[in-house]
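Visitor: I have a new model open. Please show me how to read it.

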There are 2 protein chains.
Amino acid sequence: MREALAAAHRSGLVVSEGLVAHGRGEAFDYLLGERTHPGALRAERVAAQWLRAARHPVVSVNGNVAALGAHGIARLARAVPGLAVEVNLFHRSGARARRVADALRAAGVREVLGVRPTARIPGLPSDRAKVDRHGIAEADVCLVPLEDGDRTEALRALGKRVISIDLNPLSRTSRAANLPIVDELTRALHEIAAAAARRPDGRGSGRFAPFDRRAALAEALREIGVGLTRAAAQRPLAPPPLRASPRRSRGTAGRRRRTP
Amino acid sequence: MREALAAAHRSGLVVSEGLVAHGRGEAFDYLLGERTHPGALRAERVAAQWLRAARHPVVSVNGNVAALGAHGIARLARAVPGLAVEVNLFHRSGARARRVADALRAAGVREVLGVRPTARIPGLPSDRAKVDRHGIAEADVCLVPLEDGDRTEALRALGKRVISIDLNPLSRTSRAANLPIVDELTRALHEIAAAAARRPDGRGSGRFAPFDRRAALAEALREIGVGLTRAAAQRPLAPPPLRASPRRSRGTAGRRRRTP
């Protein structure tokens, strides 16, 4: 995954900030045991129901999502008929937006919105607010993987239902979303698409299953706590600490090589 | 700090993997409350004692360390007479090694080893093993900020005392080091240098204060656990979840803009 991101960074799809953000996610995934915990799986199934029940569901795609999850997005779009796919970038340029759209189309997404934005989300600085009038501007349910907190809050303020995918249960995005999924992007997209494909009923019904986001976030934090406790019980890796009076580091290979 | 890293990445000082690694550190620092916790401060004071007591102390510097901590390294070198400063890169090229050395010299480090390696650490794949015969190869105490686990273990296997600076208390580096400092790089360098400057006695004595690395790591994990518990008690940020039958997202600014 890191190699895919580094390659996407070289090609201009992913920005430097995206690499740093990915690292933050890696740390949380590590603490979560790099697996979909039961609470996340429940959230992903409810997310599938919400996307099917929505009248105008939209998934927002940034550079990291396109680099790591383009195929997952394509699969989700097949499993949720009517799901709009929209490019939405924090660090926007026309060229980058086109690159994200190209990556999505190459993975099999037929229509990509947001390359030429036609509307704005109020309350956000210029570039981050740009959306498509037939996409996010009109959405009743927005799936925002790897989103920033300000934008998540702005979408909430518009009365939209927000489903987030974010490994940090403490982030503003996770705390502001109606349905925070605390899981790794590709695993989450896979599970949501699989759940949506299993139950193709209720499309556009406008009836949304209840979801206790507070309990979901608390459960993710508990999972991390359990992982920490398990890790704290591990022994240190190396031999026991040296004694107060140490042996000198003579006769190392480094020294040996000095007298070939 | 992120901007400094992004600029250092553009100039070739920091590699893509370094940006991801920085993100991992950010996540742990966030969980630690972005402050030097009491256990870290104790570790930093013992580290200062060890560097002063060493006969041949060396600090290893990679791209991220040079980008974020060059001035801290220079300050530490002034506070610990005899401290060798050595470039040591995971992703090595001659040009990158020179860039790291240039950054250190620009910050005031007088002599920089490791630009043209003259020895090897046994048991590591080629580039990562390259060291200076008068630097790391000969060291009795190595300070390794932001080090990788394999190299930390290889240094331990050579019988060297290893002091690590790594925000992840669960990393192989933290678990293998004799003296793991779980703190952010610039804060840690600042505290070690300050402690070394306060007590200029005992230079090269070879008498090292005891340090319980297992207790130190357990304390860092407890600090993270406390932070998680505190965070779990916070209320979600946004208004309460929408009801099962939602209002439609009509009349948003996006829609308003369609009819100017």
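Visitor: Which side chain of opposite charge is nearest to A:Lys160?

Guide: First, the ground rules. This is a predicted model, where local features need pLDDT of at least 70, side-chain atom pairs count only at pLDDT 80 or more, and totals for chains, interfaces and linings use all residues. Residues are numbered from 1 along each chain as its sequence is written, chains are lettered from A and ligands numbered from 1 in written order, and side-chain values use heavy atoms, without hydrogens and water. Now the case: A:Asp140 is nearest, 7.8 Å away. A:Lys160 has no salt bridge (a Lys or Arg side-chain nitrogen within 4 Å of an Asp or Glu carboxyl oxygen). Yet A:Lys160 is buried (under 20% relative accessible area, 1.4 Å probe, protein chains only).

Visitor: What does the side chain of A:Lys160 reach?

Guide: Two backbone oxygens: that of A:Ala139 at 2.9 Å and that of A:Ile136 at 3.2 Å.

Visitor: Where is A:Lys160 found?

Guide: In the loop between helix 7 (149–157) and strand 7 (161–165) of chain A. Helices (H or I, at least four residues) and strands (E, at least two) are DSSP runs, numbered from the N terminus.

Visitor: In what order do the strands of the open sheet in chain A run?

Guide: Strands of a sheet pair through backbone hydrogen bonds, either parallel or antiparallel. Pairing needs at least two DSSP bridges between two strands. Here six strands of chain A run 3-2-1-6-7-8, with parallel pairing. Strand 3 (112–113) and strand 8 (179–181) of chain A are the edges, each pairing on one side only.

Visitor: How many bridges join strand 1 and strand 2 of chain A?

Guide: Four. A:Ala84 in strand 2 of chain A is the bridge partner of A:Val58.

How values were computed
Buried < 20%, exposed > 50% of the residue type's maximum accessible area, 1.4 Å probe, protein only. Lys, Arg positive; Asp, Glu negative; His and termini not counted. Polar contact = N/O pair within 3.5 Å; in protein donor to acceptor, adjacent residues only side chain to side chain.
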